[in-house]
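These are my notebook entries on one protein chain.

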Amino acid sequence: MSDYYREPHGGSPSQPQRDSEHRASSRPPEHRKRRRRRGHPVLFFLLYIVIILGSSVLLASAGWIAANDVLALNKTEASAIVEVTEENDVDDIAKLLKEKGIIEYPFLFKLFCTFTHASEKITPGNYTLNTEMDYRALVTNLSASSATKVKVEVTIPEGYNIDQIFALLESRGVAKVEELREMAAEHAYRFSFLQEIPLGDYHRLEGYLFPDTYEFYARQDPLYVLNKMLVNFDARVTNEMRDDIAQSGRSIHEVITIASMVERESGTDDRATIASVIYNRLNNNDGGTNGYLQIDATLYYINGGKVPTEADKSIDSPYNTYLYPGLPAGPISNPGLAAIRAAMDPESTKYYFYALGDDGVHHFFRTYDEQAAFIGTQERYRASGG
């Protein structure tokens, strides 16, 4: 019996104890290692802190870079002319600013424009922008009232016709020919000298776009462009001049039509004499011209600016002064003040003919035979077969 009671203490292990030991010894070593790793939470905490700090640094850096672009900080000095058209949306403008080196991140500019409703403020035009402007300043300077709009100085020569003027304005970036033609044809300007001229044809403004040096903005409103030249005409042809025209028995339109031919036909010193020939022919005083002006400049006007030919004299046009007597349908150019004054106060002569000599000066004659004899002596006419 004593052996029976000693067995649990000094003898072989009991069955429950052996089973427990067996299960403990049968666990795989990997499992035991994993349990030991769970005992180091400090490492996980430190790793978490490193990730958070790293992410914060990256976000802060990205935010600082973005802020530099939005607020125009630490940017290399640069400037550029940016053209905004009616077809451009905010996406197009952002790309243009990027291409010109004004901003770095188009998506940020678009986001800014979305939140500030900038698309309602931006207007077409050419603008001088620079990298010192933040996003808000860029939007402000892309507006209609901006002082950064590119200014264009355009000189309209005396004697240019309306097509030449419109082509010049387009070439200088002021406005497109199509826009100018539409505004000339369809807008009802309130100037007294235009009230009797019907809408529908852009040539209705021919003669009234006063030749001068103008300052416009690039991509200017075509209505503003035309109105500025008409205002200039309205100021230059004074009320006193208009009273004198009325007393002469002719209308302003008739006088400007005569002045437009004088401008195209004359030099600097013979405007009043050229005007006298026109009036003499109109009045048909002993000249044998039967009211036909036969002004070559009117052929230039209807043939597209080419040197007139004999065939051109048969072109059926109300501007053809070889085919129809009297004044052409309207002005053929835009005369300056000297030509207008010559048309108002022509020299008193009995000349009906003139011709340009080899000396570059107009020579005047009473009869066709006198003119023909002179032409026969001039090399310029022999060379051209005229």
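**Entry 1. Basis.** I worked on a predicted model, in which local features need pLDDT of at least 70 and side-chain atom pairs count only at pLDDT 80 or more, while totals for chains, interfaces and linings use all residues. Residues are numbered from 1 along each chain as its sequence is written, and side-chain values use heavy atoms, with hydrogens and water left out.

**Entry 2. The chain as a whole.** I found 17 helices and six strands in the chain. Helices (H or I, at least four residues) and strands (E, at least two) are DSSP runs, numbered from the N terminus. Of the 386 residues, 38% count as buried; I took buried as under 20% relative accessible area, exposed as over 50%, and partly exposed as in between (1.4 Å probe, protein chains only). The chain exposes about 22500 Å², of which carbon and sulfur atoms supply 52%. Accessible areas come from the Shrake-Rupley method with a 1.4 Å probe, and for residues only the protein chains shown count as cover. I also looked at contacts (heavy atoms within 4.5 Å). Among those with a separation of 6 or more, residues 24 or more positions apart account for 59%.

**Entry 3. The largest pocket.** I noted a volume of about 1200 Å³ for the largest pocket. On a 1 Å grid over the protein atoms alone, a pocket is an open set of points where a 1.4 Å probe fits, with protein on both sides within 12 Å along at least five of seven lines; lining residues have an atom within 4 Å of a point. Grid points are joined across faces, edges and corners, and the volume is the space filled by probe spheres set on the points.

Which residues lie nearest the centre of the largest pocket? I listed Asp 296, Tyr 322, Tyr 354, Ile 375 and Tyr 381, out of 32 lining residues. By class, the lining has 18 nonpolar, seven polar and seven charged residues. Here Ala, Val, Leu, Ile, Met, Phe, Trp, Tyr, Cys and Pro count as nonpolar, Asp, Glu, Lys and Arg as charged, and the others, Gly among them, as polar. At least two lining residues come from each of α12 (252-265), α13 (271-283), α14 (296-302), β5 (353-356), α16 (368-375) and α17 (379-384).

Entry 4. I placed Ser 266 in the loop between α12 and α13. Ser 266 is buried, at a relative accessible area of 15%. A polar atom of the Ser 266 side chain lies 2.6 Å from the backbone oxygen of Val 262. I applied the polar-contact rule: a pair of N or O atoms within 3.5 Å, where within protein one must be able to donate a hydrogen and the other to accept it, and residues adjacent in sequence count only if both atoms are side-chain atoms. Beyond four places in sequence, Ser 266 is in contact with Arg 271, Ile 274 and His 362.

Thr 298 sits in helix α14, and I recorded it as buried because its relative accessible area is 0%. The Thr 298 side chain reaches the backbone oxygen of Ile 295 at 2.6 Å. Neighbours within four places aside, Thr 298 is in contact with Met 261, Tyr 319, Asn 320, Thr 321, Pro 328 and Ile 332.

**Entry 5. Positive phi.** Most residues other than glycine have a negative phi, and most peptide bonds are trans. I noted a positive phi of about 50° for Gln 294, in the loop between α13 and α14. Gln 294 is partly exposed, with a relative accessible area of 35%. His 117 has a positive phi of about 55° and is found in the loop between α6 (106-116) and β2 (125-130).

Entry 6. Is Leu 169 buried or exposed? I recorded Leu 169, in helix α8 (residues 162-171), as buried because its relative accessibility is 0%. Residues up to four places away not counted, Leu 169 touches Val 154, Val 174, Ala 175, Leu 180, Phe 216, Val 225 and Met 229.

Lys 110 belongs to helix α6 and is partly exposed, at 30% relative accessible area. Leaving aside neighbours within four places, Lys 110 is in contact with Val 90, Asp 91 and Ala 94. The C-alpha atoms of Lys 110 and Ala 94 are separated by 6.6 Å.

Glu 99 lies in helix α5 (residues 90-99) and counts as exposed, at 64% relative accessibility.
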